[in-house]
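Colleague: I have a few questions about this model. Can we go through it now?

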Amino acid sequence: MSDVNITRSDTDSKARYATRVEGIAEEGELTISKVTPKLIIADHTFVPDSMRGLGVARQLADRLIADARAAGQRIVPLCPYVRAQTMKHRDDWADVIQW
């Protein structure tokens, strides 16, 4: 996996994780919707072709999981990528996933 710089920006109802990789102009992203202070929806993950194969999407998902744990939140995995990762890590992520 490549080292990436992940930032998070928030509004009242949404949040966006953006990632940059040195030498690549485009950004990857993972977006969430805030349903309640304790329930969020993972909406969308996008990684440009220039970042494919670098582990960027996985690092975005890992950051989402870590942040949700720290905040005591549950995640509804609506995004196909986050849902697929949830299935792979069902036991490890069970404390933060809302089915």
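Modeller: First a term: a contact means heavy atoms within 4.5 Å. In this predicted model, local features need pLDDT of at least 70 and side-chain atom pairs count only at pLDDT 80 or more, while totals for chains, interfaces and linings use all residues. Residues are numbered from 1 along each chain as its sequence is written, and side-chain values use heavy atoms, with hydrogens and water left out.

Colleague: What share of the contacts with a separation of 6 or more comes from residues 24 or more positions apart?

Modeller: Such pairs account for 43% of them.

Colleague: And how many helices and strands are there?

Modeller: The protein has 3 helices and 5 strands, taken as DSSP runs numbered from the N terminus (helices H or I, at least four residues; strands E, at least two). From the N terminus the order is β-β-β-β-α-β-α-α. The radius of gyration is 13 Å, close to the 13 Å from the globule rule for 99 residues, so the protein is as compact as a globular protein of that length. That radius is taken over C-alpha atoms, and the rule is 2.2 Å times the number of residues to the power 0.38.

Colleague: Which residues have the most contacts inside the largest nonpolar core?

Modeller: Leu30, Val56, Leu64, Ile75 and Val96, in a core of 25 residues. S2 (14-20), S3 (28-36), S4 (39-46) and H1 (56-71) each supply at least two residues of this core. H1 gives the most, with 7 residues. A nonpolar core here is a set of buried Ala, Val, Leu, Ile, Met, Phe, Trp, Tyr and Cys residues joined through side-chain atoms within 4.5 Å. Buried means under 20% relative accessible area, exposed over 50%, partly exposed in between (1.4 Å probe, protein chains only).

Colleague: What does Leu30 touch?

Modeller: Leaving out residues up to four places away in sequence, the contacts of Leu30 include Tyr17, His44, Thr45, Leu60, Leu64 and Val82.

Colleague: Is Thr45 buried or exposed?

Modeller: Buried, at a relative accessible area of 17%. Thr45 is in strand S4, and its contacts beyond four places in sequence include Glu29, Leu30, Ala57 and Val82.

Colleague: Moving on to H2. Which of its residues are buried?

Modeller: Val82, Gln85 and Thr86, in a helix covering residues 80-88. Down the axis of H2 they fall within an arc of 105°, so they line one face of the helix. The arc is that of the directions from the helix axis to the C-beta atoms.

Colleague: What covers them?

Modeller: The cover includes S3, S4, H1, S5 (74-77) and H3 (90-93). On the other side of H2, Pro80 and Lys88 are exposed.
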